[in-house]
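Okay, thanks for coming, everyone. I'd like to walk you through one chain today, so let me put it on the screen.

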Amino acid sequence: MNILEFSLLVWLSSLTAGFLGSLTGLGGGVVIVPLLTVVFGVDIRYAIGASLVSVIATSSGAASAYVKEGYTNMHLGMFLEVATTFGAIVGAIVAGMVSNRAIAIVFGVVLLYSAYVSRQHRVEHLDNEPPDRLATVLQLNGSYPTPDGEKSYNVRAVPVGFGLMFVAGILSGLLGIGSGAVKVLAMDQAMRIPFKVSTTTSNFMIGVTAAASAGVYLKRGYIDPGLAMPVMLGVLLGALLGARVLVRARIGLLRIIFSLVILALAIEMIYKGLTGGI
């Protein structure tokens, strides 16, 4: 396989990963890193570096579309970015201290959880329960468009969500992913935000989270432009397509396919991590 063929295959794979990642709010990184490592034989640290670049592009591309549609809660996203940014820096520093095998095993476990999250049914319209007092003070409550008109919602459990975002940031810096699974858990389950708002706000946040840790990887020489470029271009286009589809599509089947793909990649990552194949 020559360089052109390799780049084309990486681009096509990244396009698919970005599309599915955008639809689920988990980000393309959960597929890109194990795909590059397991299928293309790329060193996991360089795969993480390329993924971080693509995550920044994904957030820039998809987030703009979601903001225009009125789904993203920008106040909430900017507040939670404080936690994810600090977490991402911590995660990137820790990544330089552990082995490839350990990173692969942790990544596999995160993928298993991501597969579980992507299969869960969400209730889109939540009853308006009393908001968290802190959410009111910080003006985090919001609304989003529905076929029946604008629907308001209240944000709850702000401290719990903030703590989970710090964990999400650590995973992002350590594994080179948007850590959307933890972000969606924090916003959808803990903070009780409608699923589409959780998904779109997650996409809005992941670029800042990734940028915080990408600087550490760049300084260590783990971002290869020849690898990062096709990954970035593929994920960006896929994310833009996914953003257009999300607002009007029923994506149950895509969730099933996505969860099965990352389940297989999770098993492979854990196996190779345990046997020293990474």
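**Starting from Leu 35**

So, leaving aside residues up to four places away in sequence, Leu 35 touches Ser 13 and Phe 40, where a contact means heavy atoms within 4.5 Å. Before I go on: this is a predicted model, so local features need pLDDT of at least 70 and side-chain atom pairs count only at pLDDT 80 or more, while totals for chains, interfaces and linings use all residues. Numbering starts from 1 along each chain as its sequence is written, and side-chain values use heavy atoms, with hydrogens and water left out.

Back to Leu 35, which sits in helix α2, residues 29-39. Helices here are DSSP runs of H or I with at least four residues, strands are runs of E with at least two, and both are numbered from the N terminus. Is Leu 35 buried or exposed? It's buried, because its relative accessible area is 16%; the cut-offs are under 20% for buried, over 50% for exposed and partly exposed in between, with a 1.4 Å probe and protein chains only.

Zooming out a bit. The chain has 11 helices and 2 strands, and from the N terminus the order is α-α-α-α-α-α-β-β-α-α-α-α-α. Of its 278 residues, 53% count as buried. Among contacts with a separation of 6 or more, 83% are between residues 24 or more positions apart.

Now the inside. The largest nonpolar core has 45 residues, and Leu 36, Leu 111, Leu 175 and Val 231 touch the most other members. By core I mean buried Ala, Val, Leu, Ile, Met, Phe, Trp, Tyr and Cys residues joined through side-chain atoms within 4.5 Å. Take Leu 36: beyond four places in sequence, its contacts include Val 10, Val 42, Leu 227 and Val 231. There's also a second, separate core of 18 residues, with Ala 186, Met 191, Phe 204 and Met 205 among them. As a general point, nonpolar side chains in soluble globular proteins tend to be buried together.

On to the aromatics. A search of the whole structure gives 5 aromatic pairs; rings of Phe, Tyr and Trp (its six-membered ring) pair if their centres lie within 6.5 Å, and planes under 30 degrees apart are stacked, over 60 edge-to-face and the rest tilted. How are the rings of Tyr 46 and Tyr 222 arranged? Their centres are 5.5 Å apart and their planes are at 85°, so that pair is edge-to-face. Tyr 46 is in helix α3 (residues 44-69) and Tyr 222 in the loop between α9 (195-219) and α10 (225-246), so to speak a link between distant parts of the chain, 176 residues apart. Both are partly exposed, Tyr 46 at 32% and Tyr 222 at 23%.

Gln 139 has phi near 60°, a positive value in a residue other than glycine. Gln 139 lies in the loop between α6 (133-137) and β1 (142-146), and counts as exposed because its relative accessibility is 55%. Arg 192 also has a positive phi near 60°; that one is in the loop between α8 (180-190) and α9, and is partly exposed at 31%.

That's my tour, thanks.
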